[in-house]
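Please keep the sequence and the 3D view open while reading.

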Amino acid sequence: MSHKEILVEVKNLKIAFGKGKHKFMAINDVSFTIFKGEIFGLVGESGSGKTTIGRAMMRINDVTEGQIIYRGRNIHGKISKSWDREITQKIQMIFQDPMASLNERAKVDYIISEGLLNTKNYNNDADRQQRVRTALLNVGLLPEFSSRFPHEFSGGQRQRIGIARALVMEPEFIIADEPISALDVSIRAQVLNLLANLQQQKNLTYLFIAHDLSVVRFITDRTAVIYKGRIVELAETERLFSNPIHPYTRALLSAVPEPNPYKERNKIVEIYDPAQHCYDRNPPTFKEVEEGHFVLANEQEMAKYQASLQMEVYK
Amino acid sequence: MYAGDIIEIGKTHEIFFNAKHPYTWALISSLPQLGSKGEQLYSIKGTPPNLFQDIKGDAFAPRNPYALKIDFVERPPFFQVSDTHYARTWLLDPLAPKVQPPEALQSFFEEGRRCAHES
């Protein structure tokens with residue numbers, strides 16, 4: 001894995017909301033790297049901090065401590081104007097709910113070109129319109145649609161507009177914050193295919209935030225599981241799904257619904273009890289348990305996890 | 001349901017593992033669990049019909065790769081599959097050609113039936 005180029009590096013990231021007595025650590029000491037050209041999945045329950053990490057990368061949220069490094073350079077705190085402009089263009093986001101994330105009073109043409117207008121990243125108006133047309137075609141919409149309003153589109157089409165809006169900036173790195181959660185199964189399949197195709201054509205890198213694990217398994221290369229602001233496990237997606245180590249990951253994966261009513265009825269769902277760790281005396285660290293497979297554990301647990309991996313080898 | 005109309009109704013296992021309507025087939029095929037990584041996931045082509053306009057024949061016909069000529073002319077009635085299972089598709093008419101569901105779906109059906117046997 002080490003031969004891959006690192007695109008994004010998150011180092012000991014901490015994000016706190018509120019002050020003094022009301023201070024709340026939303027993200028607590030999170031570190032991971034995203035390689036160029038991969039789809040990196042981030043899964044976790046509601047309120048676990050998935051979106052906060054995505055938003056911090058977009059620089060919507062401030063970072064309390066730690067660093068987010070893009071192509072070897074910090075993107076937070078004091079940065080030069082030209083670098084600020086460059087990363088504004090290079091990092092784009094696709095939002096969760098296409099019904100809420102488009103300006104209802106603006107035409108598609110404006111919605112898609114808003115980023116271009118803000119960064120003045122076009123030569124003349126004809127050039128801008130050409131880019132909007134290309135972006136629309138890229139996501140499988142017709143260029144004529146640019147004169148319409150968002151309410152004239154279906155959910156899947158609106159999400160495509162959201163994707164076109166990100167693509168028009170010619171980004172390298174896209175943060176997709178639950179891009180398919182609000183769509184029905186068939187449209188979800190269309191959008192997933194579209195995201196995968198675009199990734200291959202344009203060699204994009206995604207941070208794919210989701211809570212639907214079947215989707216994550218289908219699309220991502222590596223996955224991190226986040227629980228209450230800490231990453232508890234990170235591995236290649238297939239490895240993580242076939243061999244989850246951390247009890248929270250196991251509980252999460254055991255809860256994935258299968259499209260099979262018989263199996264569902266007989267399923268045993270593991271329940272995660274955070275009290276099983278004794279972290280007061282022996283705080284955990286985020287360590288590699290096997291190559292490319294990281295887990296949050298203290299020494300005692302790490303020994304246990306490693307033993308369970310050994311067992312698996314002899315099976 | 002499709003376009004304001006129930007197109008297939010039955011017990012859960014009948015819908016999951018013995019679906020008869022092409023729209024039900026398409027829905028199940030779109031599940032990421034049935035796709036394989038790196039390949040295209042099945043998706044339904046086209047868009048849902050505009051309900052302000054009159055729908056002629058089967059509402060799903062324009063998006064249905066298994067559509068018969070009659071699907072564009074006349075709305076199919078409910079055909080009985082079992083005592084509890086009905087589907088609105090001309091494919092169930094005795095005169096219709098025998099059409100098999102997509103291959104990926106057939107293995108999904110088989111696995112489901114196997115589970116039914118065991119339980």
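Chain A is divided into two parts, domain 1 (6-243) and domain 2 (244-315). The model is a predicted one. The C-alpha centres of domain 1 and domain 2 of chain A are 28 Å apart. Domain 1 of chain A puts 16 residues into the contact, and domain 2 of chain A puts in 15 residues. On the domain 1 side, two or more residues each come from α7 (213-219), β9 (222-227), β10 (230-236) and α8 (237-242) of chain A. β10(A) gives the largest share of that side, 7 residues. By class, the side of domain 1 of chain A that touches domain 2 of chain A holds 9 nonpolar, 3 polar and 4 charged residues.

**Nonpolar cores**

The largest nonpolar core has 84 residues, and the members that touch the most others are Ala164(A), Leu207(A) and Phe208(A). This core lies between domain 1 (6-243) and domain 2 (244-315) of chain A, because both give residues to it. A separate core of 15 residues includes Tyr23(B), Ala26(B), Ala61(B) and Ala87(B).

What does Phe208(A) contact, leaving aside its neighbours within four places in sequence? The list holds Ile39(A), Phe40(A), Gly41(A) and Leu42(A), together with Ala176(A), Val216(A), Ile219(A) and Thr220(A).

**A helix pair in chain A**

Ala164(A) is also part of a helix contact: in α5(A), Ile161(A), Ala164(A) and Arg165(A) meet Val108(A), Ile111(A), Ile112(A) and Gly115(A) of α3(A). Of the residues in this contact, 5 are nonpolar, 1 is polar and 1 is charged. Helix α3 (residues 108-119) and helix α5 (residues 155-167) of chain A pack at about 35 degrees, and their axes are 7 Å apart. The crossing of α3(A) past α5(A) is right-handed.

**Loop residues in chain A**

Gly229(A) sits in the loop between β9 and β10 of chain A. Is Gly229(A) buried or exposed? Gly229(A) has 23 other C-beta atoms within 10 Å, so it is buried, the cut-off for a buried residue being 20 or more. Although Gly229(A) and Asn28(A) are 201 residues apart along the chain, their C-alpha atoms are separated by 5.3 Å. Apart from neighbours within four places in sequence, the contacts of Gly229(A) are Met25(A), Ala26(A), Ile27(A), Asn28(A), Ser48(A) and Gly49(A).

**Contact between the chains**

How many residues of chain B are in contact with chain A? There are 22 residues of chain B in contact with 17 residues of chain A. On the chain B side, α1 (12-17), α2 (22-29) and α3 (103-118) of chain B each supply at least two residues. The residues on this side of chain B are 11 nonpolar, 10 polar and 1 charged.

Notes: Residues are numbered from 1 along each chain as its sequence is written. Chains are lettered from A and ligands numbered from 1 in the order in which they are written. This is a predicted model: local features need pLDDT of at least 70, side-chain atom pairs count only at pLDDT 80 or more; totals for chains, interfaces and linings use all residues. Two residues are in contact if their C-beta atoms, placed from the backbone, lie within 7 Å. Helices (H or I, at least four residues) and strands (E, at least two) are DSSP runs, numbered from the N terminus. Ala, Val, Leu, Ile, Met, Phe, Trp, Tyr, Cys and Pro count as nonpolar, Asp, Glu, Lys and Arg as charged, and the others, Gly among them, as polar. Domain bounds come from an automatic or database domain assignment. Axes are lines fitted to C-alpha atoms, for helices over the stretch in contact, and angles run from 0 to 180 degrees between N-to-C directions. A crossing is left-handed if the near helix is turned anticlockwise from the far one by less than a right angle, and right-handed if clockwise. A nonpolar core is a set of buried Ala, Val, Leu, Ile, Met, Phe, Trp, Tyr and Cys residues joined through C-beta atoms within 7 Å. A residue is buried if 20 or more other C-beta atoms lie within 10 Å of its own, exposed if 12 or fewer, and partly exposed in between; C-beta atoms are placed from the backbone.
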